[in-house]
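Subject: Structure handover

Hi,

Here is the structure I promised to pass on. Please open it first, then read the notes below.

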Amino acid sequence: MRELQDLQLLIDNAVTELKYPPYPAELYEPIYYILSMGGKRMRPALLLMACDLFGGDVEKALPPALAIEVFHNFTLMHDDIMDNAPLRRGKTTVHERWNQNAAILSGDVMLIEGYKLMMQVEDRLLRVILDIFNTTAVGVCEGQQLDMDFENRNNVKIDEYIYMIKLKTAVVLGGALKIGSILGGADMKDAELIAEFGENLGLAFQLQDDILDVYGSPEKFGKQVGGDIISNKKTYLLIKSLELADQQQTADLHKWIDTKNFDNHEKVEAVTSIYNAVQVKQHAETTMHEYADRAFEALEKINLPEENKQYLRDFADSLMVREY
């Protein structure tokens with residue numbers, strides 16, 4: 001089995017070799033720019049990993065893996081426009097560096113370039129793989145729409161939130177693993193099980209992210225603690241706290257959500273103290289572990305040698321940070 005870092009490096013090198021026309025420059029330069037920002041390349045690496053686990057040729061699986069990476073970056077480019085974000089991975093976003101229209105059009109071309117890469121799989125698998133890619137892509141767009149809808153709603157329920165993060169985050173992990181496994185020679189039953197593993201792991205990972213945003217140490221995770229609280233992001237912790245809170249706590253939470261001018265530190269402290277009072281961290285951790293367990297249950301059913309299953313277990317453990 002190839003190590004995950006090796007697969008990520010393989011993707012990194014392949015991304016630098018992608019070639020686009022020099023003209024019109026405003027259409028293609030933003031693509032080079034966003035792809036050069038790096039990132040963990042986790043999604044395409046998962047596709048290669050699944051292919052490798054089932055005994056497939058990793059080199060042959062590179063174009064569809066790149067398709068996943070190009071598609072992922074297309075969604076980031078358009079998300080940044082919607083969020084009006086000035087920075088992505090510490091660098092100026094495409095719409096800020098060029099302009100909004102350039103970012104929209106470049107993103108459109110990226111989506112098409114992603115399909116061109118995906119179409120390099122062998123003909124006998126093309127229809128089934130494009131079908132998975134299409135379902136994944138539509139899911140991500142639906143998830144983004146729901147995420148935006150939730151910004152303007154104060155009555156979001158936990159099951160709605162779980163469904164949204166499943167679409168926005170988890171289906172891409174599941175889709176990448178499913179495509180990779182089919183390229184590696186898996187039958188549809190095993191492909192669906194590894195997708196289930198990926199989706200449930202993705203949900204657990206996102207819930208962990210929600211917890212770490214409030215309870216993680218900034219040194220370890222390189223993020224500002226309480227960023228979600230400051231921006232009123234509808235996370236598991238906020239939604240569940242509104243569900244668990246008494247009348248006074250509910251009023252206090254809404255006061256902080258509605259206040260336009262506030263001291264960041266004061267808001268984070270006040271909201272976190274309500275989270276602590278209703279013990280929301282424990283609820284979030286319980287739900288996170290439920291999804292991690294579901295991932296491992298799906299994994300047990302996959303028809304793979306024990307050492308390959310262990311590789312996936314180790315990978316899942318490395319994603320799920322045990323300490324805060």
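Start with a helix contact. Arg-43, Pro-44, Leu-47 and Leu-48 in H3 touch Leu-62, Pro-64, Ala-65, Ile-68, Glu-69 and His-72 in H4. By class, the residues of this contact are seven nonpolar, one polar and two charged. Keep in mind that this is a predicted model.

The geometry of that pair is as follows. H3 covers residues 42–53 and H4 covers residues 62–83. Their axes lie 8 Å apart, at an angle of about 160°. Angles over 145 degrees count as roughly antiparallel, so H3 is roughly antiparallel to H4. The crossing of H3 past H4 is right-handed.

Next, H9 and H15. H9 spans residues 188–215, and H15 spans residues 280–301. The two axes come within 8 Å and cross at roughly 160°. H9 is therefore roughly antiparallel to H15. This crossing is left-handed.

The contact between H9 and H15 involves these residues:

- From H9: Asp-190, Leu-193, Glu-196, Phe-197, Asn-200, Leu-201, Leu-203, Ala-204, Leu-207, Gln-208, Ile-211 and Tyr-215.
- From H15: Lys-281, Ala-284, Glu-285, Thr-287, Met-288, Tyr-291, Ala-292, Arg-294, Ala-295, Ala-298, Leu-299 and Lys-301.

The residues of the contact of H9 with H15 split into 15 nonpolar, three polar and six charged.

H15 also pairs with H16, which runs over residues 306–319. Here the axes come within 10 Å and cross at roughly 170°. That angle makes H15 roughly antiparallel to H16. On the H15 side, the contact residues are Phe-296, Leu-299 and Glu-300. On the H16 side, they are Lys-309, Leu-312, Arg-313, Ala-316 and Asp-317. The contact of H15 with H16 has four nonpolar, no polar and four charged residues.

Now H6, residues 100–118. This helix has 19 residues. From its first C-alpha to its last, H6 reaches 27 Å, close to the 27 Å expected at 1.5 Å a residue. Which residues of H6 are buried? They are Ala-102, Ala-103, Ser-106, Gly-107, Val-109, Met-110, Glu-113, Gly-114, Leu-117 and Met-118. Glu-113 is one of the buried residues, and its side chain is worth a look on screen. The buried residues of H6 pack against H2 (25–35), H4, H5 (94–97), H7 (123–151) and H8 (158–183).

H4 also holds Asp-80. Is Asp-80 buried or exposed? Its relative accessible area is 4%, so Asp-80 counts as buried. Leaving out residues up to four places away in sequence, Asp-80 touches Ala-85, Arg-88, Thr-93 and His-95.

Then the backbone. Most residues other than glycine have a negative phi, and most peptide bonds are trans.

- Pro-24 sits in the loop between H1 (4–16) and H2.
- Arg-41: phi is near 55°, a positive value in a residue other than glycine. Arg-41 lies in the loop between H2 and H3. At a relative accessible area of 5%, Arg-41 is buried.
- Arg-89: phi is near 50°, again positive in a residue other than glycine. Arg-89 is in the loop between strand E1 (87–88) and strand E2 (91–92). Its relative accessibility is 37%, so Arg-89 counts as partly exposed.

Gly-216 lies in the loop between H9 and H10 (218–221). With a relative accessible area of 8%, Gly-216 is buried. Gly-226 is ten residues away along the chain, and the two C-alpha atoms are separated by 9.1 Å.

Val-156 is in the loop between H7 and H8. Val-156 is buried too, with a relative accessible area of 9%. What does Val-156 touch, not counting residues up to four places away in sequence? Phe-150, Tyr-161 and Ile-239. The C-alpha atoms of Val-156 and Gly-175, 19 residues apart along the chain, are separated by 27 Å.

Best wishes

Methods:
Residues are numbered from 1 along each chain as its sequence is written. This is a predicted model: local features need pLDDT of at least 70, side-chain atom pairs count only at pLDDT 80 or more; totals for chains, interfaces and linings use all residues. Side-chain values use heavy atoms; hydrogens and water are left out. Axes are lines fitted to C-alpha atoms, for helices over the stretch in contact, and angles run from 0 to 180 degrees between N-to-C directions. Helices (H or I, at least four residues) and strands (E, at least two) are DSSP runs, numbered from the N terminus. Angles under 35 degrees count as roughly parallel, over 145 as roughly antiparallel, 65 to 115 as roughly perpendicular and the rest as oblique. A crossing is left-handed if the near helix is turned anticlockwise from the far one by less than a right angle, and right-handed if clockwise. Contact means heavy atoms within 4.5 Å. Ala, Val, Leu, Ile, Met, Phe, Trp, Tyr, Cys and Pro count as nonpolar, Asp, Glu, Lys and Arg as charged, and the others, Gly among them, as polar. The expected span of a helix is 1.5 Å times one less than its number of residues. Buried means under 20% relative accessible area, exposed over 50%, partly exposed in between (1.4 Å probe, protein chains only).
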